[in-house]
Amino acid sequence: MPTFAPPSAAPLLAACPHCDALQQLPPLTHGQSALCVRCATPLYHGSTYAPLLPVALVLTGLLLFVIANSHPLLYLELAGRMQASTLLEGVSALFQSGLWLMALLVLFTSLLAPLLVLLALLCLLWPVLRQRSPSHAAAPLMRALHHLSPWSMSGVYTLGLVIAIVKLRDLAFVSPGIALYAYFGMLLATTAAHRTIDAHTLRRMLTLPNSHTPLPRLTPASKPLPPTAHQAGLLRCACCTLLLRAPTESHFQPACPHCGSRLHARKPGSLALTWALMLTAALLYLPANLLPIMTVIRFGQGDPDTILSGIQHLIENGLWPLALLIFYASIVVPLMKLIILTFLLLSIRRRSPWRPKERTTLYRLIEAFGHWSMVDIFLISILTAIVQLGTLSTIEPGTGATFFGLVVISTMLATHCFDPRLIWDALEQHA
Ligand SMILES: [Zn+2]
Ligand SMILES: [Zn+2]
């Protein structure tokens, strides 16, 4: 009995996760994308709805994951001494230095989350490929996939590896190991699998309908703004994109019948939580920049480096592009996130109707690029593991790195807690 749904010719009713606009979307062919009519957020991608390609990509990703973790990532050679380092040794070096919080962060974002995302995708798609009913664990797997995906940072870790190679060139001879290519291959396979399977496509493949309740018919937009899901009395599941009629009793919090996520018209406590996490990040930003993040010891001597003094050393060594990259990732990106979130929170507080589309774009920008600040944390983990050449040269991590890691986590959580639909709610109040 075939269990995956063929592409339907009927238009799809969808609500935008960023502005709540309710819209009829045309059926898309493979390679096409639908953007929100109001804020231009990508809503879903056309797919062949065939599970073979994503399953093949996930299996390739898992195979490359095993290779990436069983071979050295980098080789370092100095004065006849050779040092090799694996991903787990990078984590272990941080544990041994007493920075267990940072070690856990690196372990989770570079290794566990990418692995769990691939495994969750495989467990969800395998029954579809075998033309069987979805697994009994489909609901928790869908939730796990939704919550883990933002923390899977193989792309940022790969950038950290490339920066480590460039940075170490003035210290020793560095060459990439087979694991580096495998890790990069795993990143490509995972990205391609995600591209073919978004939340909407996954739900269609698992033969889960768009809604369990009759949905309203939309008339052609005659108002300046299309109606929102909230105005139409609908709730959108953030995990699987299902639309469900909101219950009449306001105290009753429904759960999504497909994935089990709690459904809310707006994220609960969004503004207060975002303020709290953002202020935490702002406070941690000071020690993250004032305390040393690492110390390079050569022939028994070395001074601790803060983020800024590390950038200064890169400039002195003529590594301008690298200095700029670290400056943007470690100084500019966290600061921009704090400034943009403050601006968005204040504009909502003032119920400002000013340029909502542009403000939503700002939010999408920090949502998409915020985690790239982790590159400095990954770089420290890689350097600490590989530069262990005794009296010749050693790199030790500093406590500033832990504070910096906490800044990245706090700003990511603040971005996650912020509900951009509140930007658009002010327009309804002004209308
Ligand atoms: Zn939108
Ligand atoms: Zn759901």
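Tutor: Residues are numbered from 1 along each chain as its sequence is written, and chains are lettered from A and ligands numbered from 1 in the order in which they are written. As the model is predicted, local features need pLDDT of at least 70 and side-chain atom pairs count only at pLDDT 80 or more, while totals for chains, interfaces and linings use all residues.

Student: Into which domains is the protein divided?

Tutor: Domain bounds come from an automatic or database domain assignment. On that basis, the protein is divided into domain 1 (8-46), domain 2 (49-205) and domain 3 (268-430).

Student: Which element gives the most to the side of domain 2 that touches domain 3?

Tutor: The C-alpha centres of domain 2 and domain 3 lie 22 Å apart. Their contact takes 32 residues from domain 2 and 27 residues from domain 3, where two residues are in contact if their C-beta atoms, placed from the backbone, lie within 7 Å. Strand S5 (74-78), strand S6 (81-85), helix H2 (87-96), H3 and helix H5 (154-168) each supply at least two residues of the domain 2 side; helices (H or I, at least four residues) and strands (E, at least two) are DSSP runs, numbered from the N terminus. With nine residues, the element that gives the most is H5.

Student: How is H3 oriented relative to H6?

Tutor: Helix H3 (residues 100-129) packs against helix H6 (residues 178-196) at an angle of about 45°, and their axes are 11 Å apart. Axes are lines fitted to C-alpha atoms, for helices over the stretch in contact, and angles run from 0 to 180 degrees between N-to-C directions. Angles under 35 degrees count as roughly parallel, over 145 as roughly antiparallel, 65 to 115 as roughly perpendicular and the rest as oblique. The angle therefore makes H3, relative to H6, oblique.

Student: How do the residues of the contact of H3 with H6 divide?

Tutor: From H3, Pro-114, Val-117, Leu-118 and Leu-121 meet Met-186, Thr-190 and Ala-193 in H6. Ala, Val, Leu, Ile, Met, Phe, Trp, Tyr, Cys and Pro count as nonpolar, Asp, Glu, Lys and Arg as charged, and the others, Gly among them, as polar. The division is six nonpolar, one polar and no charged.

Student: How is H9 oriented relative to H10?

Tutor: Helix H9 (residues 307-316) and helix H10 (residues 320-349) have axes 8 Å apart and pack at an angle of about 165°. The orientation of H9 to H10 is therefore roughly antiparallel.

Student: Which strands stand at the edges of the open sheet?

Tutor: The sheet has three strands in the order S6-S5-S7, with antiparallel pairing; two strands pair if DSSP finds at least two bridges between them. Five bridges join S5 to S6. One side of each edge strand is left without a neighbour in the sheet, because each has a single partner strand; these strands are S6 and S7 (173-176).

Student: Which residue in S6 is the bridge partner of Leu-74?

Tutor: S5 and S6 run antiparallel. Within S6, the bridge partner of Leu-74 is Ser-85.

Student: Which residue takes a positive phi in the hairpin of S3 and S4?

Tutor: Strand S3 (residues 33-35) and strand S4 (residues 42-45) pair in the antiparallel sense over three bridges, and Leu-35 has Pro-42 as its bridge partner in S4. The hairpin has six residues between the strands. The residue with a positive phi, near 65°, is Ala-40.
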